[in-house]
Amino acid sequence: MDSLIIRGGKKLSGELKVSASKNACLPILFGTLLSEDKVELISLPSLRDINTSVKLLREMGAVVSGELSALKIDCKNINKTEAPYDLVKTMRASILVLGPLLARFGKAKVSLPGGCAIGGRPVDIHLSNFEKMGASIKLENGYINAKAKKLVGAHLDLSFPSVGATENLMMAAVLAEGETIINNAAKEPEIEDLADFLNSMGANISGQGTSTIKIAGIEKLGSCTHKPIGDRIEAATFVLTGLLTNSSLKVSNFKTKHLSSLFSILKEMGAKMQIEENEVTVFPSELKGVEATTMPYPGFPTDIQAQLMTLMCRANGVSVITEKIFENRFMHVPELIRMGANIKLEGKSAIISGGDEFVSAPVMCTDLRASAALVMAALVAKGESTISRIYHLDRGYENIEIKLGEVGADIKRV
Ligand code: EPZ
C-alpha cells in the first residue's frame, strides 16, 4: 500500500489545473449503457473509481477503447446485466448501473453497495422510486434483483434530495414510457452535467439543476461526444490548501459559480481571493473562525467539510462545523488532533479552537475527503509526516503529489 511523505512548511506558488469531476464522470460512464451507439468521453481523470467503472462496463460486455483523453464506449452488445459484489464493494457508485440496465434491458442484478466509513449509505430512495416506475425489486443474498417489463414514467417525490437517487432515476426515466417528474431532486452541478450528456444523446430532460426535473421518455438514444465539467471538490481542496499554506495560488479549469457557498464562507473568514469565471486566485490572508453547516447543493458541500475544518485549525478564534448530510463524517478529527489540532466533537458538530500550529505525525487515511484534509495539515506541519492508506486519496484526486509538487510542496509517494 502506498504512502505519502510530506515535509511541511513550504509556501506554494503557481497554478493548479483541476481534472474532470469524478462525481460527474461516474454517472456519465454508466449512462452510456442506455445507448446502442458509440459514445466518446473527453479528458476523463485517471482515478481508481474511473478505472473500476470501465472494468464493470467491460464485464457487462461494453467495448471500451482509446485513452482517458478520448475514451470510446460502445454498449451495443451488453450481454450481462449484473454488477457483482467484488466490484460494487470497492465502489458504491456502481449502484448507478441499476437505472440504465432496468430502462434498457428490463432487468438488473446489483450487489447492495453496503456502507462505508462515512455512513450506512442506504439506497431506499433509489429502490422505492424504481418501484413507483413499475419495477419489481427483491433483495436476495445481498443482491438487488430488479425486473421491469417496461418502466413507466411517474411523479416521484424524493424524501431527501439524494444525488445518486436523482441520477439513477433520471437515467431510468430517459427510456421509460411517458413522462417522469422528479420532485425534491438534487441540484448538484454533476446532475446538470449528466442531464446535458443524456440530452446530447437525444434524451428529453428539462429542469436539471432545479428541484423539479422533467424527463419525457423516448425509444432509444444515439451517440455523442461529451467533456465532463471540472471537479469543484478538487478545486475547493486546492483553494483551501492555498489559504492554509499562506500562498498566492491560482486554481483553474472549473466553474467558480459551483463553489459560491464555499467562497462566501471564506470571505467571512477574511480570505483574499480574486474570482474569475473559470479560475480563482487566493492570496495570503489573516483568517478568523466562522460557523458552517453542510447542506445539499447549493449549500456548503459535505465533500469539503473535512478540508475546511483543517483550514479552521489555522484561523484565529473558534469555529464550528456541523455535518448534516452523513452520520459519521468526522473520521479525520482524531487524526487532525494527533497532528496538534484542538477540536471537540459535540453530536453533529465539531468545535475547532484555531490558531495552533500543526505538528508532523504518522497518520492514516479513512475515507476520500478525510485523506485530503490530512494532506493539507501535513503541508503546514513542522517536520515530516507519513500518510498511509492513500488508496483512499487515489479514488478522487488524480496524481495529487505531482500537482502539489509542481507548485512547490515537498511531497513524495512511497
Ligand atoms: C454523492 O453520494 C457523492 N458521490 C458523494 O461524494 C457526496 O458526498 C454525496 O453525493 C452528497 O453530496 C458520488 O457522486 C459518486 P446522497 P450519494 O445519495 O449519491 C442518504 C465523495 O467524496 N440517502 O446524496 O451516495 C445518505 O445516507 C463522495 O466524492 C438515503 O437515506 O449521496 C446520506 O446521508 C462521498 N437513502 C444522504 O442521503 C438513499 O436511498 C446523502 O446521500 C440515498 C441516500
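**The ligand and its surroundings**

A: In this predicted model, an oxygen atom of the ligand lies 2.5 Å from an N or O atom in the side chain of Asp303. An oxygen atom of the ligand is also 2.9 Å from an N or O atom in the side chain of Arg369, while the backbone takes part through Val163, where a polar backbone atom is 2.8 Å from an oxygen atom of the ligand. Taken alone the ligand exposes 820 Å², and 85% of that is buried by the protein.

The elements that contribute two or more residues to the shell around the ligand are α1 (22-31), α5 (124-132), α6 (163-174) and α12 (368-380). Of these, α5 supplies the largest share, three residues. The shell numbers 20 residues, and those that come nearest to the ligand are Asp124, Ile125, Ser162, Asp303 and Ile325.

The chain is divided into domain 1, which covers 4-18 + 230-413, and domain 2, which covers 22-226, and each of the two gives at least three residues to the shell around the ligand. The C-alpha centres of domain 1 and domain 2 are 31 Å apart, and between them 23 residues of domain 1 are in contact with 20 residues of domain 2.

Beyond the shell, two further helices deserve a look. In α10, eight of the eight residues are buried, so this helix is largely enclosed by the rest of the structure. The buried residues of α10 are Gln305, Ala306, Gln307, Leu308, Met309, Thr310, Leu311 and Met312.

Helix α9, residues 260-269, has Ser261, Leu262, Phe263, Ile265, Leu266 and Met269 buried. These buried residues of α9 pack against the helices α8 (232-244) and α10 (305-312), and also against β16 (272-275), β17 (279-283) and β18 (291-293). After α9 comes Gly270, which has a positive phi, near 100 degrees.

Note on methods
Residues numbered from 1 in each chain as written. Predicted model: local features only at pLDDT ≥ 70, side-chain atom pairs only at ≥ 80, totals over all residues. Heavy atoms only, no water. Near = heavy atom within 4 Å. Polar contact = N/O pair within 3.5 Å; in protein donor to acceptor, adjacent residues only side chain to side chain. Areas by Shrake-Rupley, 256 points an atom, 1.4 Å probe, with all protein chains shown as cover. Helix = DSSP H or I, 4+ residues; strand = E, 2+ residues; numbered from the N terminus. Domains from an automatic or database assignment. Buried < 20%, exposed > 50% of the residue type's maximum accessible area, 1.4 Å probe, protein only. Contact = heavy atoms within 4.5 Å.
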